[in-house]
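I opened this model to go through its aromatic pairs, its cores and one of its pockets. My entries follow in the order I looked things up.

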Amino acid sequence: MKLSIIIPAYNEAKTIHLILDRVLAVNLIGGFEKEIILVNDCSKDATAEVIEKYIAEHPGFDMRLFNQPFNQGKGAALHKGIELATGDYLIIQDADLEYDPEEYNLLLAPILRGEADVVYGSRFMGGNPHRVLFFWHTIGNKFVLTTMSNLFTNLNLTDMETCYKMFRSDIIKSLDLKEKRFGFEPEVTAKMSRFPKVRVYEVGISYYGRTYEEGKKIGWKDGFRAIYCILKYNIRHTKFVRYASSFMIALIMLMSLLIMNNNRWKGDAVNRTLLSDSKGYYAYLPAMWLYFDMKYGFFFDENGNKKDPDYINNFLYHNDGGLVNKYYSGVAVLQTPFFWLGTCAAWIGGYDVDGYSPPFMIFVGIGTLFYLMIGLIFLRKLLLSWQATELAIAAVLLLIFSGTNLMYYSIWEPCMSHVFSFAAIAAFLYFTRMAILDYKPTYIYGIATALGITMLIRPTNGVIVLALPFLAGSGARFIAFLRRFFSFRKELFIGAGIFLLIVFIQSLLWILQNGKVYNWTYLDEFFNWSDPQIVNILISYKKGLFVYTPVILIALIGVFSMKGKIGYNIITFLGFFFVVTYVLSSWHSWYYGGSLGLRAYIDFFPLFAIPLGILLSKSPRKLLNMVVCIVLAVFLFFNIFLTDRYVKGKVSCDGMTKELFWDMF
């Protein structure tokens, strides 16, 4: 049995002899012989001369050198090495010193046991040594590229980008590989995964990474190329195209659960689940379901002092002689089933059944992710009603989540109102759109329910009804919808009843608190209608929407790509955007306190996603659309970077300036 060791080399004169020493020193298990094939990719230094000298000095070993006629890239060098290989199995070895040839036997072991045809050496599993370098490279390789590749190939690899890949030679020689640079890794993984009955194993290996000063060549551009290759070599050969948006929702939920588990549910972090306004949104739940005390006496001791000021914050107000929760109850209503689950988990697990122990906080996060999923599902259905393509919808779902501050408020501050409003408004838009296209009584009931929940969460979000003209797509269709809508009196009457029952929940809770049907609970806060901060809310360094969430700017531009009367689309969509901006910017604290970006806009992202989806549904062969995709990809990574900086305290929650903004880079 023979193992072919393929070593591509480009400008490795300083290290090539060292790696060859290590390769020759390895004693392979199972009686394997070694065949070493070196491919010099037209190096500019003395790599070829060093290799020729080394081969001459070691005549007893099977070593061959092939010199490429011109520089073509690592992938092209590997193609030539694979072509020249005569071994039964084949492994790839970089010419630097990042991987240890002594570990060939780790990869050979499952092959010799008759269990594997292909073995990957993972840098992210096992207890072998790893040099600590490049956090973002690790995130990109492990959580972005490998996860995305696995989504398509249905493999559960932990390190798709690893150099150490050992193949049965007949398999890799049959794959018709094309990529000439670092796109080789996702391409070979994609094509190998489709080989009939292939058995793939993975073993942990060590990794001695080097810096760019030491000769590392792969860069951020290769990361984008890898993403492109994952899509290019998988999409046409899987059912992903038909179910792309559904896969994307599943991926978003999986990644959110993993991140929440690692960042919110471990150690003391779980006790910081309720932050800022979320303490007030949540307080209804223990008051109603555990203490049966809507006057919140359980927060105070016998002397009237707060038992735990950290949880109480400043959301309780004395209003006409009674304590009233400043915030509306919609979030608590939606979280109720998950609060009950938290109660059961706390009781079974022996935790304090006080509404604030870890099981309650964990189920707060689970509940938020559940409504995030509901919002994404309705957004998907909404975009399908506009005839957006599956791939475009998948891209929009990823951009609206990972490319905006929706991601932060889904994971790090999960009991704020925005995810819940996002879901309710997405449902409202979907049912309204469907009622416009194809009238059914169930759509009317859906509209009433979604609008009622929307206003129970945040009454000002009722402004979403002004989006109806845009949803219609034309003036004639809008007028026809109104005539038909008001002609079905029975359904309208039932829908109105549903809406009133939902919004009356708040009045009922106020009655239980201080006996009044209505309370203005924002006692010292107000709208300043005569002085809206429109410029600040859109483009300021403090919190500007387009500065901190630039994806939304592209969404607005997408209106110009919509079918139908372009003037009507522009007037109705941008008109609604202006109204929302006017309302939000008229609030006395237009930047909405401490937050990541302009969080008040999150609620309306489902509407902004419509022109974005239509824009991305245009032919990808058009140069303009390719430019748009590149810009959106940059904006997506910018938001991930910004979120990371914010979580680590590198971005001020309410004091950002131009200097601080640029300093974070």
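I began with a rule for aromatic pairs: rings of Phe, Tyr and Trp (its six-membered ring) pair if their centres lie within 6.5 Å. Planes under 30 degrees apart count as stacked, over 60 as edge-to-face and the rest as tilted. The model is a predicted one. I searched the whole structure and got 53 aromatic pairs.

I picked one pair to look at. How far apart are the ring centres of tyrosine 281 and tyrosine 327? I read 5.0 Å, with the planes at 45 degrees, so I logged this pair as tilted. Next I checked where the two partners sit. Tyrosine 281 is in helix α10 (residues 278-289), and tyrosine 327 is in the loop between β9 (322-325) and α12 (330-349), so the pair ties together parts that are 46 residues apart in sequence.

Are these two tyrosines buried or exposed? I used the cut-off of under 20% relative accessible area for buried. Tyrosine 281 has 3%, so I noted it as buried. Tyrosine 327 has 7%, so it is buried too.

I also noted a cluster linked by ring pairs. Its members are Tyr282, Tyr291, Tyr296, Phe298, Phe299, Phe315, Phe339, Tyr356 and Phe360.

Then I turned to the cores. The largest nonpolar core has 146 residues. Which of them touch the most other members? I wrote down Tyr282, Tyr601, Leu607, Phe608 and Ile610. Helix α16 (residues 418-437) gives the largest share of this core, with 15 residues.

I went back to Tyrosine 601 for its contacts. Leaving out residues up to four places away in sequence, Tyrosine 601 touches Ile537, Leu538, Leu545, Phe577, Val580, Thr581, Leu584 and Phe608.

I looked up the second largest pocket and found a volume of about 560 Å³. It is lined by 27 residues, and the closest to its centre are Arg458, Tyr522, Glu525, Trp587 and Tyr592. I sorted the lining of the second largest pocket into 15 nonpolar, seven polar and five charged residues.

I counted 27 helices and nine strands. The C-alpha atoms fill a box of roughly 95 × 65 × 50 Å along the principal axes. Of the 665 residues, 55% count as buried. Among contacts with a separation of 6 or more, 77% join residues 24 or more positions apart.

How values were computed: Residues are numbered from 1 along each chain as its sequence is written. This is a predicted model: local features need pLDDT of at least 70, side-chain atom pairs count only at pLDDT 80 or more; totals for chains, interfaces and linings use all residues. Side-chain values use heavy atoms; hydrogens and water are left out. On a 1 Å grid over the protein atoms alone, a cavity is a set of points where a 1.4 Å probe fits but cannot get out, and a pocket is an open set with protein on both sides within 12 Å along at least five of seven lines; lining residues have an atom within 4 Å of a point. Grid points are joined across faces, edges and corners, and a volume is the space filled by probe spheres set on the points. Ala, Val, Leu, Ile, Met, Phe, Trp, Tyr, Cys and Pro count as nonpolar, Asp, Glu, Lys and Arg as charged, and the others, Gly among them, as polar. A nonpolar core is a set of buried Ala, Val, Leu, Ile, Met, Phe, Trp, Tyr and Cys residues joined through side-chain atoms within 4.5 Å. Buried means under 20% relative accessible area, exposed over 50%, partly exposed in between (1.4 Å probe, protein chains only). Helices (H or I, at least four residues) and strands (E, at least two) are DSSP runs, numbered from the N terminus. Contact means heavy atoms within 4.5 Å.
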